[in-house]
Amino acid sequence: MKSASYGVLNIVSHPHPSGTYRRIFQLAGEMSGGVNFRGDQFARTSPISETRNGVFTGRIAIWTEIDKNAKTIQKRTLIEAALTDTTARIPDDIGFNSKIFAFAVRESDHKMYVELINEERQTVSIKSVQKIMQKIFDAVKPNDIDEISVFVVSRNNAIEKILEIERLTKIEIALEMPNPDDLDDAKKKILEEIERMRAKKLKTEITIARGETTLLLDDRYRAMAELAKDNGYVNAVGKEDGVRVERSSKDYPQEITFELLPDESSAFASRRIAESPQDFEKS
């Protein structure tokens with residue numbers, strides 16, 4: 001049987017009235033051309049499907065653009081020439097070295113599940129997709145939306161992994177304003193605190209006191225860290241066996257890997273994951 005792998009992004013819009021997430025993906029699918037996200041690489045998303053069971057789907061295309069003002073080289077003789085002086089003619093709407101990956105978005109909590117390995121066994125990193133989607137949303141953001149942020153969702157046990165550092169000496173928590181989707185009481189209190197201050201970002205650095213062996217997070221800061229792992233980041237510094245150690249929530253991205261059903265494509269499976277994430281997501 002063939003396996004499939006997916007990464008998860010958290011898309012956060014402020015404000016976010018009903019239908020916001022479908023709307024911004026519709027705008028993304030309507031954009032012409034693409035966004036330049038790295039070097040000569042460009043990307044865009046396709047028009048999205050209808051919403052079914054709270055989920056819509058689409059595709060991300062990645063390609064290389066040829067700089068028509070750059071020189072070409074004859075590989076045998078190493079003679080350079082302007083592209084316009086050669087017989088090559090490249091249409092404006094053609095990209096090269098293309099890769100396409102499927103995605104599915106669950107509207108209720110604005111999570112985006114993205115293929116990391118497509119049907120042709122081409123790969124993409126979730127960090128690259130995060131960068132692509134942030135660039136796209138920056139380009140299409142409507143005037144009535146203040147901000148759209150894209151975060152990589154970390155593994156459920158990411159904070160536990162960070163706090164396992166033997167002698168924890170410093171913790172940095174950077175939390176951007178999350179959407180209040182199914183938050184427990186401790187996390188709701190953190191959200192309310194940010195709202196009362198009329199802030200959009202909360203950044204805290206905790207440093208160990210002289211003479212202590214390790215830092216201990218209380219319930220409030222633990223809840224803040226759990227929120228920040230999917231809405232910002234958590235960094236920690238400490239020592240293990242006398243050696244400096246640094247860990248971050250960014251080091252533990254959520255990755256969903258499983259065996260596809262017989263005759264199931266990995267593109268189709270993205271919808272299955274988004275509709276029933278509890279069947280796939282692990283710590």
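Modeller: A term to begin with: buried means under 20% relative accessible area, exposed means over 50%, and partly exposed is in between, with a 1.4 Å probe and protein chains only.
Colleague: OK, what share of the residues is buried?
Modeller: Of the 283 residues in the protein, 45% are buried. This is a predicted model, where local features need pLDDT of at least 70, side-chain atom pairs count only at pLDDT 80 or more, and totals for chains, interfaces and linings use all residues. Residues are numbered from 1 along each chain as its sequence is written, and side-chain values use heavy atoms, without hydrogens and water.
Colleague: How many helices and strands?
Modeller: The protein has 6 helices and 14 strands. These are DSSP runs numbered from the N terminus: helices are H or I with at least four residues, strands are E with at least two.
Colleague: Which strand does S1 join through 6 bridges?
Modeller: That is S9, residues 147-152, running antiparallel to S1. Two strands pair if DSSP finds at least two bridges between them. Ile 11 stands opposite Val 150 in S9.
Colleague: And where do S8 and S14 come in?
Modeller: S1 has 5 antiparallel bridges to S8, residues 111-115. There, Val 8 has Tyr 113 as its bridge partner. Another 5 bridges join S1 to S14, residues 255-259, also antiparallel. Gly 7 stands opposite Glu 255 in that strand.
Colleague: New topic. What box do the C-alpha atoms fill?
Modeller: Roughly 75 × 50 × 45 Å, along the principal axes.
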